[in-house]
Amino acid sequence: MISARGSVVPPLASPRFFSPPLSVAIVGAGPAGIHAAGALAELAPGTKTDVFERLPTPYGLVRYGLAPGHPESEKFVHSLHATLAASDFRLFCNVEIGKDLSVEDLRSSYDAVIIATGAPRDALLDIPGVELPGSFGSAEFVAWYNDHPDSSLQWPLNAASVAVIGGGNVALDVTRMLLAEAKSLQATDVSAEVREGMAGSRVREVHIFVRRGPADARFSPNELRALGELPGVDVVVDAADVAPDRHIERMAKQSVHTRLAVETLRTFADPSADRTSHRRVHLHFYRQPTEILGSGKVEALRVERTVPDGYGHVTAADTCTDYPVHAVYRAIGFLGTPLAGVPFDHGRGTVTHRGGAVVDESGSPVAGLFVTGWMKRGAAGLIGAARPDARQTVETMLYQLDSVGERRADRSGIARLLGAGNVVSVDWDGWLRIDAAERDLGVKYGRDRVKIKDREVLVGIGTNLPVHPQ
Ligand SMILES: Cc1cc2nc3c(=O)[nH]c(=O)nc-3n(C[C@H](O)[C@H](O)[C@H](O)COP(=O)(O)OP(=O)(O)OC[C@H]3O[C@@H](n4cnc5c(N)ncnc54)[C@H](O)[C@@H]3O)c2cc1C
């Protein structure tokens, strides 16, 4: 039976003690993986936890997703650091599961494996022209402005007029960063290359297109307010798009978030507001893109009107407008990446599961395999959602392992497997050295931290191998 909170097992009333202690591998050191380690320490004290992370550093999108200067990012990092440090763990950064080790290697070495690899791929927008130069997935841009080691060194910000497709907070983050002034990044942890890239930006106008109406967009009120506070930028909404109707008023009554978001959107539609800035965001509701136009590069976006049905759904109205833009950013959601040996729902981009226990095509649990985070729930939900979600997965896992008779897993061969593949991993002390090196760079440049982007340099510091200084 599945409970109201989506669990298939009742919550654990007290911790479980296993003898010998459990050994668990977690794949991914983002919020989900780290909270799974925390839940194991709390619910099965003594568990030996190994966390594998493909990047040289932990913390996933907290480090490489949140917009630079996010007021709570240090708080999130601190909380993840404390959660991990409170468990009996080993950290193996710079180790990609599926490449350096297989899921099978882990399943044969640990009592259980928890997949927490997030959702790093942009969801597909299947319209003509999407492959044109100048059409970007938001994940690439977010990675660039966050100094992700796998991102490109430079970013083309040479289009004056840009379209952003999507009705969620990532669309707002992308818009804010497209219009950010380089000086607003001065106190943040981004590299000099990102600040220089931003300083050369020619973006003057961003059109955001949202398929549904204001009550069904997933903008949070704070993010909308932050958009409205961008210095030197006016935000404009067509008053007809936010005019009161039965559906909007009903949704606003049901959710305080919706009410606050709609109120903020109506201030953007106020005709008496002073709008004299030379840069602008146009927020269009009830518009869906049908084609990206251009020969050899993006020259315009064709957008079709949609009509609300009064219940939150929309249908196409067959009236199109071409917006002359020279770059298009897609922010319509993210998908997980399949891992060999793990059942995957290609449509949803998630691992198939029941209460966090991975299930095969017939719905039967795959022994010892579990999932948590965005790879489990899909790419929705803030960082705070990772904790209860990881707890649910760990509870399901402990019930399953309770009924296993003799356990024979032995993780001692993992270091040998890594050595045989010449894989150099960054451990917890190595991460602390990287952390210290970034803080030292911060002191040098008058900031809390400056991120190091180069993977080789990160691995060099993390493993104490010789490195070329930045
Ligand atoms: C642009 C953007 C902005 C956001 N802003 C906010 C915000 O302001 N506030 C907020 O609360 N939430 C925000 N979020 C949401 C938040 O980032 C997510 O809720 C959270 O990070 C999901 O956690 P996760 O651990 O499931 O995934 P992730 O954070 O993506 O962590 C997954 C980890 O797994 C690793 N990994 C992947 N594949 C492998 C592999 N094969 N082997 C080993 N390791 C692997 C990845 O490198 C990564 O470190 C934002 C998200 C995005 C995309």
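**Exercise 1. Ligand contacts**

How far does a backbone N or O atom of Trp-374 lie from an oxygen atom of the ligand? Work that out, then look at the rest of the ligand's surroundings.

*Solution.* Keep in mind that you're working with a predicted model.

- Step 1: Start at Trp-374, where a backbone N or O atom sits 2.9 Å from a ligand oxygen.
- Step 2: Go on to Ile-383, which has a polar backbone atom 2.9 Å from an oxygen atom of the ligand.
- Step 3: Check Ala-116 too: here a backbone N or O atom is 3.5 Å from a ligand oxygen.
- Step 4: Now zoom out. The ligand is surrounded by 29 residues, and the closest are Glu-53, His-70, Ile-97, Trp-374 and Gly-381.

**Exercise 2. H1 against H12**

Find the angle at which helix H1 and helix H12 pack, and classify the arrangement.

*Solution.* 

- Step 1: Pick out H1 at residues 31–43 and H12 at residues 386–402; their axes are 8 Å apart and the angle is about 50°.
- Step 2: Roughly parallel needs an angle under 35 degrees and roughly perpendicular needs 65 to 115, so H1 is oblique to H12.
- Step 3: For the handedness, the crossing of these two helices comes out right-handed.
- Step 4: List who touches whom. H1 brings Pro-31, Ala-32, His-35, Ala-36, Ala-39, Leu-40, Glu-42 and Leu-43, while H12 answers with Ala-386, Arg-387, Ala-390, Arg-391, Val-394, Glu-395, Met-397 and Leu-398.
- Step 5: Sort the contact residues of H1 and H12 by class: you get 11 nonpolar, 1 polar and 4 charged.

**Exercise 3. H8 and its two partners**

Describe how H8 packs against H10, then do likewise for H6.

*Solution.* 

- Step 1: Take H8 (residues 221–228) with H10 (residues 256–268): the angle is about 15° and the axes lie 8 Å apart. That makes H8 roughly parallel to H10.
- Step 2: H8 and H10 cross in a left-handed way. On the H8 side the contact uses Pro-221, Leu-224, Arg-225 and Gly-228, and on the H10 side His-257, Leu-260, Ala-261, Thr-264, Leu-265 and Phe-268.
- Step 3: Classing the residues of the H8 and H10 contact gives 6 nonpolar, 3 polar and 1 charged.
- Step 4: Switch to H6 (residues 169–178), which packs on H8 at about 20° with the axes 10 Å apart. H6 is therefore roughly parallel to H8.
- Step 5: H6 passes H8 in a left-handed crossing. Asn-169, Leu-172, Asp-173, Thr-175 and Arg-176 of H6 touch Glu-223, Leu-224, Ala-226 and Leu-227 of H8.
- Step 6: In the contact of H6 with H8, the tally is 4 nonpolar, 2 polar and 3 charged residues.

Key: Residues numbered from 1 in each chain as written. Predicted model: local features only at pLDDT ≥ 70, side-chain atom pairs only at ≥ 80, totals over all residues. Heavy atoms only, no water. Axes fitted to C-alpha atoms, helices over the stretch in contact; angles between N-to-C directions. Helix = DSSP H or I, 4+ residues; strand = E, 2+ residues; numbered from the N terminus. Parallel < 35°, antiparallel > 145°, perpendicular 65-115°, else oblique. Left-handed = near helix turned anticlockwise from the far one by under 90°. Contact = heavy atoms within 4.5 Å. Nonpolar A, V, L, I, M, F, W, Y, C, P; charged D, E, K, R; others polar. Near = heavy atom within 4 Å. Polar contact = N/O pair within 3.5 Å; in protein donor to acceptor, adjacent residues only side chain to side chain.
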